[in-house]
Amino acid sequence: MNNHKGVFILGEILNGKLAPITIELLGIGRKLANELGEELSLLLIGSNLSDLSKEAIAFGANKVYVNEDPLFDNYNPDVFAQITTKLCQKILPSIILIGHTDIGADLAPRLNARLGGGLSMDCIDLSIDPQNKFLIMTRPIFGGNAYAKVISKTARPQMATIRPKVVPPAQRDSSREGQVIPLDEKIDSSLIKIKMIEKIKEEVEGVKLEEAEVVVSGGHGIGSAQNFEMLKELANILGGAVGATRRACDEGWVPVTLQIGQTGKVVSPKIYIAVALSGAMSHIVGCLGSKYIVAINKDPEANIFNVAHFGIVADYKEVLPALTAKLKELLSK
Amino acid sequence: MNIIVCVKQVPDPEIPPSKFKIDPVTKKVIPPPGVPPVISVFDERAMEAACRIKDKHGGKITVISMGTGKVADVIKHSIAMGADEGFVIQDETFENLDSFGTAYVLSKAIQKIGAYDLVLCGRQAADWGAGQVGSILAEILGIPLVTFACDIIVEDKNVKVKRIVRDGYEILESPIPTLITVSSEIGLPRLPAGVRLMLASRKQIPIWKAKDIGIDRSELEKISGHIEITEVFIPTRKTECEMITGNTPAEAGVNLASKIANLI
């Protein structure tokens, strides 16, 4: 444990740039590294990494390890796990930060299994214990009904995955200096068992759910795929996007890419209109970042009213048409 | 196809959040009285995935569950869904294990079961939700791993797994045997019913203790204990909800429209 030093970030590349989550990890990573008086390093896997390495240094990394190969532009679990494990076994970081993304949530447990560290996933807060210098990781449990603070006393590295948009991004400072270290380890291809066959995009047209200023979300009470059309209409009037709970997606009423919640998307629009959804915590954790929550539900005891700012207790089918029509009128002025 | 499914029994997550209570001293959740525990939702989906494969290709499903209390209930639920046999893995040394410890115990049980083509797990437990047991288990068993499956297609020597990602899906191919963690997007599970349910409820489910699966207490202590919980808390959320009314629901809708228009 004593020979583990430094904060290490697994970087992600999105559309040829550092992914927003990576810039957020550089922010919290720099903060933790400063508190520990240790170095911050980052690993980039992919191609055309020289500009990205400079960016990572400007955002606070002391060292950027680069594994350059166009073959690595697409995530392969076995390849990334092999590269990352080898590097971490060499540099022995005390803390590893990974984004809780499609890549991160898959890679982090693999890495942890190989390194034998202490991993906590889906963290919403990280801090250093001032006395013993342990990393304190805060994460939701029981579908978000509660939170737990966890530490790894002796197992190293301490590892955490962090949700996007939870910690502030790093500030760019082009005067920062750092080192770029190319990795030239050969991949042992006999250990690569998984093959990526195809990627299928299933984006819904219109405003992207995670970027929408207004989200109109439906739950199990909506009752059918057809009824979701009413929510689409309302969302269109407001220039927003439609979301749904896991139970509505389970029924097949909307594509699963619309799922909001603990396992699904996390959104933080200005206005979140929750229609015919009870407000189970595993859904609510996906929208608590909203500025205003509006609830329409015929059950006055529904939990959604405990987190909403405005509410109507009524059958949504009797509310939505009038709501939509009046908004159309008011917003056209 | 020989499939092993790992399932966990958890406190019912569907209870109203207001009834959710924790004990800050023991750092444990206090289940509300009279509410029976249930099978963890993602594990139930893993069972559903196994049943769909068995429906198509035939074979055997063995279900295992490590836990304290009346764990046999989730085994019986799984058998009623379509599993052929199941085992409870229970021992006082298995209480309070972390993800590493849990994965190790499950791996020893799987070793006792013998040959398999697929091991299926839920992507995370509906209670503590650490999301690691499946991945560590794959590592211990030395087999490939695919996570967040929403569909599994069995081929001759491989499986094609449809994996849920943020903006759609990925299709990955993995050689058999492999471990797959299953996500809720696989769809609704079948409801145990009829004769299957009746027969399952009458079954005697064997319990495997530490010695039955060759677990050394000292070895377990070395493997587990990576993560320690220092605090459990319920965040205080206080919102004042302004109830919008009207003579009719439609009128309330009109009143709400004015509120929303002001917020934009």
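Reader: In this predicted model, how many helices and how many strands are there in chain B?
Author: The model is predicted, and the C-alpha atoms of chain B fill a box of roughly 65 × 45 × 40 Å along the principal axes. Within chain B, the secondary structure comes to seven helices and 15 strands.

Reader: Of the residues of chain B, what percentage count as buried?
Author: Among contacts in chain B between residues at least 6 apart in sequence, 71% join residues at least 24 apart. A residue is taken as buried when 20 or more other C-beta atoms lie within 10 Å of its own. Of the 264 residues of chain B, the share that counts as buried is 46%.

Reader: Which element gives the largest share of the side of chain B that touches chain A?
Author: The contact between the chains takes 67 residues from chain B and 68 residues from chain A. Elements that give two or more residues to the side of chain B include α4 (133-141), β9 (145-154), β10 (158-165) and β11 (168-175) of chain B. By class, that side has 38 nonpolar, 15 polar and 14 charged residues. The largest share, twelve residues, comes from α7(B).

Reader: Which residue of β11(B) does A:Glu198 stand opposite?
Author: Strand β13 (residues 195-201) of chain A is joined to β11(B) by six bridges, and the two strands run antiparallel. Along this pairing, the residue in β11(B) that stands opposite A:Glu198 is B:Ile171.

Reader: What are the edge strands of the seven-stranded open sheet in chain A?
Author: The strands of this open sheet follow the order β7-β11-β6-β1-β4-β5-β12, with parallel pairing. The twist from one strand to the next averages 20 degrees. Each edge strand pairs on one side only, and the two in question are β7 (118-123) and β12 (179-182) of chain A.

Reader: Inside that sheet, which residue of β5(A) is the bridge partner of A:Ser41?
Author: Strand β4 (residues 40-46) of chain A and strand β5 (residues 63-68) of chain A run parallel and are joined by six bridges. In β5(A), the bridge partner of A:Ser41 is A:Lys63.

Reader: What distance separates the centres of domain 1 and domain 2 of chain A?
Author: The domain assignment of chain A gives domain 1 as 7-191 and domain 2 as 209-331. Their contact takes six residues from domain 1 and eight residues from domain 2, and the domain 1 side has one nonpolar, three polar and two charged residues. Taken over C-alpha atoms, the separation of the two centres is 34 Å.

Reader: Which residues have the most contacts inside the largest nonpolar core?
Author: The largest nonpolar core has 192 residues. Both domain 1 (7-191) and domain 2 (209-331) of chain A give residues to this core, so it lies between them. The residues with the most contacts inside the core are B:Val5 and B:Leu120.

Reader: Is A:Lys186 buried or exposed?
Author: A:Lys186 is found in the loop between β12 and β13 of chain A, and its C-alpha atom is separated by 41 Å from that of A:Gly143, 43 residues apart along the chain. Because A:Lys186 has 5 other C-beta atoms within 10 Å, the residue is exposed.

Notes. Residues are numbered from 1 along each chain as its sequence is written. Chains are lettered from A and ligands numbered from 1 in the order in which they are written. This is a predicted model: local features need pLDDT of at least 70, side-chain atom pairs count only at pLDDT 80 or more; totals for chains, interfaces and linings use all residues. Two strands pair if DSSP finds at least two bridges between them. Helices (H or I, at least four residues) and strands (E, at least two) are DSSP runs, numbered from the N terminus. Axes are lines fitted to C-alpha atoms, for helices over the stretch in contact, and angles run from 0 to 180 degrees between N-to-C directions. A residue is buried if 20 or more other C-beta atoms lie within 10 Å of its own, exposed if 12 or fewer, and partly exposed in between; C-beta atoms are placed from the backbone. Two residues are in contact if their C-beta atoms, placed from the backbone, lie within 7 Å. Domain bounds come from an automatic or database domain assignment. Ala, Val, Leu, Ile, Met, Phe, Trp, Tyr, Cys and Pro count as nonpolar, Asp, Glu, Lys and Arg as charged, and the others, Gly among them, as polar. A nonpolar core is a set of buried Ala, Val, Leu, Ile, Met, Phe, Trp, Tyr and Cys residues joined through C-beta atoms within 7 Å.
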